[in-house]
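Please open the model in a viewer and keep the selection tool at hand. The tour below moves from one site to the next and says what to select at each.

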Amino acid sequence: MRRPGAGAFFAAGILGRMPISMIGLGIVILIARESGSYGLAGAVSGVAVIAGALTGPVQGRLVDRFGQRTLLLIGSVLCTVALGGLLVAVRADSATWVLYALSFVAGGTRPQVGSFVRARWTHLLGRGRALQTAFALEAVGDEVVFIVGPVLVTALATQWSPYAALTAAGVLGLAGGIWLATLRASDPPGRGKANGAEQARMPWLSITLLSLIGLGLGATLGGAEVVTVAFTTEKGQAGLAGVVLAIWAFGSLLAGLWYGSVHWRAPVERRLLLGTIALAITLAPLPWVNSVLMLGVVLFCCGMTIAPTMVAVTACVEEWVPPERLTEAITWTVTGILLGVAPGNAAAGHAVDVWGPSHAYWVPFGVGIACAIVAAISITFARPKERFAHN
C-alpha cells in the first residue's frame with residue numbers, strides 16, 4: 001500500500017464494487033414489496049446478473065485496447081441512470097418488459113471494477129510475491145463488499161425505504177467508478193490494435209477451464225447460501241441465517257489476509273489444486289451437521305478455502321495470459337463465478353424441496369469435487385508452456 005497510488009485505487013475499487021452485492025438484493029426487496037411477487041423480483045434481479053456476465057469479457061477486451069478511464073465513466077453513469085429508471089418504472093407500475101430492459105442495462109453497463117483493479121495491481125507491481133499479496137488483498141476486499149453490501153441494503157430497506165436501498169447502490173457505484181477513472185497514473189495504458197492487443201494469442205483452453213472452476217465456485221457459494229437459509233429456518237432460527245453466512249465470509253476474509261502474508265514456494269498451479277481439494281474436504285461434513293452452531297463452525301472452515309482458491313485462479317491467469325489480453329482474461333473467470341451463482345441457487349433449492357435442507361448440502365459438496373477435478377485437468381493438460389512476466 002506504500003506504492004504510489006495503490007491506496008487510492010484500492011479504496012476506489014472497494015467503493016466501485018459495492019453494487020455487486022447490493023443491486024441484486026435491492027431489486028428483489030423493492031419489486032417483491034411493490035408487486036408482491038418474489039418470482040418477478042428474482043427474475044428481474046437475475047437479468048442484471050446475466051447481463052453483467054455477458055458483457056464482462058467485452059468490457060475487458062475494450063479496456064485492454066483503450067484503457068479503463070472512458071469505460072469507467074460511461075459505464076458508471078449508464079448503470080446509475082438505468083437504476084434510476086428502474087426505480088421510476090417500479091413506482092409507475094410499468095410493464096414487465098420495461099423492468100427487464102432496465103435491469104439488463106444496469107447489469108450490463110456496470111463496470112467490472114474488480115477485474116480493472118487487479119489489472120492495475122499487475123501493471124504497478126509486475127510478477128512476484130508482492131502481486132500475490134495484492135491479489136489476496138483484493139480477495140479480502142471482495143469479502144468486505146459481500147459482508148457490508150447486503151447489511152446496508154437490508155438496513156436501508158427496512159429502516160427507510162427499498163427505493164433508498166437501490167439508490168444507495170447506484171450512488172456508491174457512480175462515486176467509485178468516477179473516482180477510479182480519475183486515477184490515471186495507475187491506469188494500465190491501452191495497447192491498441194497496432195500494439196498487439198489483437199495479435200497476442202489467448203490460451204482459450206486454459207481460460208475456459210479456469211472459468212469453469214470459477215463457475216463451480218459461484219455455484220458452491222450460491223447453493224450453500226440457499227441451503228443455509230433453509231437449514232436455519234427448519235431449526236427455528238431463521239434470523240441467524242445472515243449471521244452464519246457472515247461467519248462464512250469472515251473465514252474467507254481471514255484466509256485472504258493469511259494467504260497474502262505468506263511467501264509461497266509452491267507453484268501457483270499446485271496451490272490451485274490444493275485449494276479446490278481443501279474446499280471439497282471442508283464441504284464434506286455439511287450433510288451431517290445437525291445444529292446451527294455446528295453449521296457456523298463448518299462454514300467458517302469452508303470460508304477459509306474460498307479466498308485462497310480465488311487468488312490462485314487469478315494468479316494462474318496472470319501467469320498464463322499475455323499482458324495484452326490480461327483484463328479480458330480476468331473478466332472471463334469473474335464471469336464464470338457470476339454465472340455459477342444462479343444455477344447453484346436453483347439446484348440447491350430443488351434439492352431442499354426433494355431431500356430436505358441437510359441432505360441438500362450434497363449439492364455444493366458435489367460441485368466442490370467437480371472443481372477439484374477440473375483443476376487437476378487444467379494444470380495437467382491445459383497449462384501453457386509459455387509464462388509471462390507482466391510489466
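**Stop one: a pocket**

Begin with the second largest pocket, which holds about 290 Å³ of space. A pocket here is an open set of points on a 1 Å grid over the protein atoms alone, where a 1.4 Å probe fits, with protein on both sides within 12 Å along at least five of seven lines; lining residues have an atom within 4 Å of a point. Grid points are joined across faces, edges and corners, and the volume is the space filled by probe spheres set on the points.

The model is predicted: local features need pLDDT of at least 70, side-chain atom pairs count only at pLDDT 80 or more, and totals for chains, interfaces and linings use all residues. Residues are numbered from 1 along each chain as its sequence is written, and side-chain values use heavy atoms, with hydrogens and water left out.

Select Met1, Trp121, Ala130, Thr133 and Ala134, which lie nearest the centre of this pocket among its 15 lining residues. Two or more lining residues come from each of helix 5 (113-125), helix 6 (129-159) and helix 9 (241-261); helices are DSSP runs (H or I, at least four residues), numbered from the N terminus. Helix 6 contributes the most, with 6 residues. By type, the lining comprises 9 nonpolar, 4 polar and 2 charged residues; Ala, Val, Leu, Ile, Met, Phe, Trp, Tyr, Cys and Pro count as nonpolar, Asp, Glu, Lys and Arg as charged, and the others, Gly among them, as polar.

**Stop two: salt bridges**

Stay with helix 6 and select Glu138 together with Arg17. These two form a salt bridge, with the closest N and O atoms 2.6 Å apart; the term requires a side-chain nitrogen of Lys or Arg within 4 Å of a carboxyl oxygen of Asp or Glu. Arg17 belongs to helix 1 (residues 6-35) and Glu138 to helix 6, 121 residues apart. Arg17 is buried at a relative accessible area of 1%, and Glu138 is buried at 0%; buried means under 20% relative accessible area, exposed over 50% and partly exposed in between (1.4 Å probe, protein chains only).

What else does the side chain of Asp142 meet in a salt bridge? The partner is Arg118, at 2.8 Å, N to O. Asp142 lies in helix 6 and Arg118 in helix 5, so this pair ties together parts 24 residues apart in sequence. Arg118 is buried, at 8% relative accessibility. Display the four side chains at once: Arg17, Arg118, Glu138 and Asp142 are linked in a network of salt bridges.

**Stop three: aromatic pairs**

The whole structure contains 6 aromatic pairs. Rings of Phe, Tyr and Trp (its six-membered ring) pair if their centres lie within 6.5 Å; planes under 30 degrees apart count as stacked, over 60 as edge-to-face and the rest as tilted. Select Trp204 and Trp332, an edge-to-face pair with 6.0 Å centre to centre and 85° between the planes. Trp204 is in helix 8 (residues 204-234) and Trp332 in helix 12 (residues 326-355), 128 residues apart. Trp204 is partly exposed at 38% relative accessibility, as is Trp332 at 31%.

Next, select Phe231 and Tyr361, whose ring centres are 6.3 Å apart with planes at 55°, so the pair is tilted. Both Phe231 and Tyr361 are buried. Finally, select Trp288, Trp362 and Phe365, which form one aromatic cluster.
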